[in-house]
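Subject: Structure handover

Hi,

Here is the structure we discussed. Please load it first, then read the notes below.

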Amino acid sequence: MKRYPDCIRNDGLCGACSISSHGKDCHNNNINKLLYQRSLSGITQQELADKSGVNIRQIQRYENDTSDIGNMTLRNALSLAKSLDCEVNDFV
């Protein structure tokens with residue numbers, strides 16, 4: 001899913017885009033750390049949900065900053081970190 005109409009990527013993964021840098025996307029907006037880690041892994045939100053057991057709607061809330069990542073349950077944090085092959089502090 002493209003984040004912006006002029007996005008050059010078909011998958012909308014801003015964190016993996018060559019135009020993005022230093023935690024910012026091509027429109028100079030912050031890239032969510034969870035979105036960035038998922039982009040590096042090259043998986044979709046659905047794939048992450050399936051792998052981690054975390055509901056896809058909750059992953060979407062974390063990535064859209066409508067739910068505070070710092071307040072996620074320890075179970076969700078550990079499941080997401082394991083699924084993304086990273087440390088919890090990489091996205092919290």
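Buried means under 20% relative accessible area, exposed over 50%, and partly exposed in between (1.4 Å probe, protein chains only). Helices are DSSP runs of H or I with at least four residues, and strands are runs of E with at least two, numbered from the N terminus.

This is a predicted model: local features need pLDDT of at least 70, side-chain atom pairs count only at pLDDT 80 or more, and totals for chains, interfaces and linings use all residues. Residues are numbered from 1 along each chain as its sequence is written, and side-chain values use heavy atoms, without hydrogens or water.

Helix H1 (residues 33-41) has these buried residues: Leu 34, Leu 35, Gln 37, Arg 38 and Ser 39. They pack against H2, H3 and helix H4 (74-84). Contact here means heavy atoms within 4.5 Å. Just after H1, Gly 42 takes a positive phi of about 70 degrees.

Next, the H2 and H3 pair. The axes of H2 (residues 45-52) and H3 (residues 56-63) come within 9 Å and cross at roughly 120 degrees. Axes are lines fitted to C-alpha atoms, for helices over the stretch in contact; angles run from 0 to 180 degrees between N-to-C directions. From H2, Gln 45, Gln 46, Leu 48, Ala 49 and Ser 52 meet Ile 56, Ile 59, Gln 60 and Glu 63 of H3.

Finally, Gln 60 lies in H3. Gln 60 is buried, at 18% relative accessible area.

Best wishes
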